[in-house]
Amino acid sequence: MAVSELMSIPGQIDPVPAARDITPRADGRTDLIGLPKARICELFEQAGLDGKQAKLRAKQVFHWLYHRGVTEFEAMTDIAKTMRPWLAERFVIGRPDVVEAQHSTDGTRKWLLKTADGHEFEMVFIPDADRGTLCVSSQVGCTLNCRFCHTGTMRLVRNLTPGEIVGQVMLARDALGEWPKGKMDFAEVESEAEYTADGRLLTNIVMMGMGEPLYNFDNVRDALRLVMDGDGLALSKRRITLSTSGVVPMMERCGEEIGVNLAVSLHAVSKNVRDEIVPLNRKYGIEELLSACAAYPGASNARRITFEYVMLKDKNDSDADARELVRLLRQYDLPAKVNLIPFNPWPGAVYECSTPERVKRFSDIVFEGGISAPVRTPRGRDIDAACGQLKTTAEKKSRAERDREAAAAV
Ligand code: SF4
């Protein structure tokens with residue numbers, strides 16, 4: 001049965017109450033994905049192992065989960081054969097369900113995923129020449145209603161758990177075939193060489209999928225700690241970027257407790273326009289936001305803050321807007337780079353994309369102001385491109401059609 005306790009989300013812009021908790025698993029087992037090693041150890045003790053055994057088993061299981069990507073206890077060959085069914089009776093190794101998977105001609109891959117209690121959300125993988133970036137969701141839906149964002153048209157259903165967040169990274173590794181191969185009967189003496197990340201496709205993570213990650217701070221932090229943990233997925237914090245629409249009070253904690261790169265959805269340089277495009281601006285204005293960016297722990301010229309700027313025709317794309325952007329970033333002395341994003345409309349969207357000439361001119365002005373402002377190439381336009389589109393498109397398809405496609409695509 002669903003837990004109906006409500007969480008009020010702060011602020012007048014986003015007062016939508018959201019179901020806080022997930023529906024517990026019907027079979028009573030506990031999903032280990034998303035739990036820190038110490039918690040796994042506690043659970044093993046509560047299930048009857050003595051302290052020493054619990055610690056050893058937690059260490060072994062954690063290693064199998066995050067270094068080897070196994071999804072069955074039976075595959076954990078350094079754990080006694082009799083112990084494996086004991087684990088399987090009490091615990092599971094979860095992955096989000098794949099509802100639909102799409103593969104673009106440009107290599108971009110999108111997945112519509114489903115939580116164990118039936119809520120759908122998205123994940124996108126974008127390969128480039130020198131990197132592969134996984135765009136991870138933090139919530140099902142969103143409270144913030146950014147006007148250019150399709151996810152913003154959906155209501156917030158609930159926050160994703162740490163397991164559902166880190167589970168996206170694990171699912172992507174499954175799909176890309178990126179778990180180390182080989183025998184691991186003796187975890188302690190296994191060769192280092194099997195664990196190098198050389199040649200991996202998935203090199204970077206952006207918390208830029210559905211949802212505002214700083215409104216699900218604890219779960220995002222706990223998930224990213226597993227992603228960064230040397231005994232976990234072991235991805236460097238320098239390869240992880242968290243994108244916020246500007247939840248100012250949480251930005252300092254983000255830098256201190258997670259320490260990843262920061263991206264900010266700026267999208268406008270005047271109060272009127274940003275109030276319209278990113279309604280959270282009515283609560284945390286541009287000056288307050290840029291001051292918080294200037295104070296972001298760890299930001300430096302080597303680790304610049306990325307300012308996302310979606311190009312909307314006749315809305316935020318004039319020469320004056322570009323000059324004001326440069327002035328603001330300089331005024332706050334920000335180690336900044338700007339990402340210019342051609343708007344990707346969906347049916348019913350109120351904006352149009354700026355012309356390519358306008359985008360180029362805007363980019364040139366910002367570059368001339370001494371700030372890098374590359375234009376992001378639209379990716380995956382032949383599949384459902386903009387964030388949130390896969391979910392709504394899938395809702396129009398029949399259940400059987402989706403099952404067939406998911407089976408064929410994985
Ligand atoms: S841009 Fe992000 S914060 Fe804004 S509505 Fe979309 S998902 Fe929510």
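Guide: Helices are DSSP runs of H or I with at least four residues, strands are DSSP runs of E with at least two, and both are numbered from the N terminus. The model is a predicted one, in which local features need pLDDT of at least 70 and side-chain atom pairs count only at pLDDT 80 or more, while totals for chains, interfaces and linings use all residues. Residue numbers start from 1 along each chain as its sequence is written, and side-chain values use heavy atoms, with hydrogens and water left out.

Buried means under 20% relative accessible area, exposed means over 50%, and partly exposed lies in between (1.4 Å probe, protein chains only). In α9 the buried residues are D321, A322, L325, V326, L328 and L329. Seen down the axis of α9, these buried residues fall within an arc of 165°, so they line one face of the helix; the arc is that of the directions from the helix axis to the C-beta atoms. An α-helix has 3.6 residues a turn, so residues three or four places apart point the same way.

What does that face meet? The buried residues of α9 pack against α8 (286–294), β14 (305–311), β15 (336–342) and α10 (356–368), where contact means heavy atoms within 4.5 Å.

The chain then leaves the helix. Just after α9, D333 takes a positive phi of about 55°, although D333 is not a glycine. D333 sits in the loop between α9 and β15. At 65% relative accessibility, D333 counts as exposed.

With a relative accessible area of 38%, N145 is partly exposed. T151 lies in the loop between β9 and β10 as well, but at 1% relative accessibility T151 counts as buried.
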